[in-house]
Amino acid sequence: MILGDGACVPVRRIRAEDAAALQRLVGRSSDRSVELRFFGPLKELSDEMAERFADVDGEDRYALVALDPENPEEIVGVVRYEREVGTDGAEYAALIEDRFQHRGLGIG
């Protein structure tokens, strides 16, 4: 994905081995960004939560990650949905690392 400022940010489907990178993303994010994503304060993403968020089935649970163009081992954004059981609806969530906010990464 090419951002408005010309930065090229690789985007791919999340993988189970991304759990630790998700934890680092939450750790680098501001309290406000984390609160908006998780609807409350969160000091860190537990191993159990990170593993659950990284392990998706691609149908009822799906997520894409944006990678740091300078360090593709690091996730700078994640968008996901999880179908609500027994409905046609889904919960949507996104977390964009603060330094990538307002650059067009979470839209498009």
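How many salt bridges does a search of the whole structure find? The search finds 11, and we will visit a few of them on this tour of a predicted model.

**Stop 1: helix α1.** Select residues 19-28, which make up helix α1. Color Ala 19, Ala 21, Leu 22, Leu 25 and Val 26: these residues are buried. Now look down the axis of α1: its buried residues fall within an arc of 160 degrees, so they line one face of the helix.

**Stop 2: the cavity.** Rolling a probe the size of a water molecule over the atoms shows where empty space is left. The largest cavity holds about 90 Å³ of space. Select residues of its lining, including Leu 22, Phe 38, Phe 53, Val 78 and Leu 95. Helix α1 gives the most to this lining, with three residues. By class, the lining has eight nonpolar residues, two charged ones and no polar ones.

**Stop 3: the salt bridges.** Show the side chains of Glu 74 and Arg 24, which meet in a salt bridge at 2.8 Å, N to O. Glu 74 is buried, whereas Arg 24 is partly exposed.

Next, select Arg 99. Its side chain forms a salt bridge with Asp 68, with the closest N and O atoms 2.5 Å apart, and another with Glu 97 at 2.6 Å. Finally, select Arg 24, Arg 28, Asp 68, Glu 74, Glu 97 and Arg 99 together: salt bridges that share partners join them into one network.

Methods:
Residues are numbered from 1 along each chain as its sequence is written. This is a predicted model: local features need pLDDT of at least 70, side-chain atom pairs count only at pLDDT 80 or more; totals for chains, interfaces and linings use all residues. Side-chain values use heavy atoms; hydrogens and water are left out. Buried means under 20% relative accessible area, exposed over 50%, partly exposed in between (1.4 Å probe, protein chains only). Helices (H or I, at least four residues) and strands (E, at least two) are DSSP runs, numbered from the N terminus. The arc is that of the directions from the helix axis to the C-beta atoms. On a 1 Å grid over the protein atoms alone, a cavity is a set of points where a 1.4 Å probe fits but cannot get out, and a pocket is an open set with protein on both sides within 12 Å along at least five of seven lines; lining residues have an atom within 4 Å of a point. Grid points are joined across faces, edges and corners, and a volume is the space filled by probe spheres set on the points. Ala, Val, Leu, Ile, Met, Phe, Trp, Tyr, Cys and Pro count as nonpolar, Asp, Glu, Lys and Arg as charged, and the others, Gly among them, as polar. A salt bridge is a side-chain nitrogen of Lys or Arg within 4 Å of a carboxyl oxygen of Asp or Glu.
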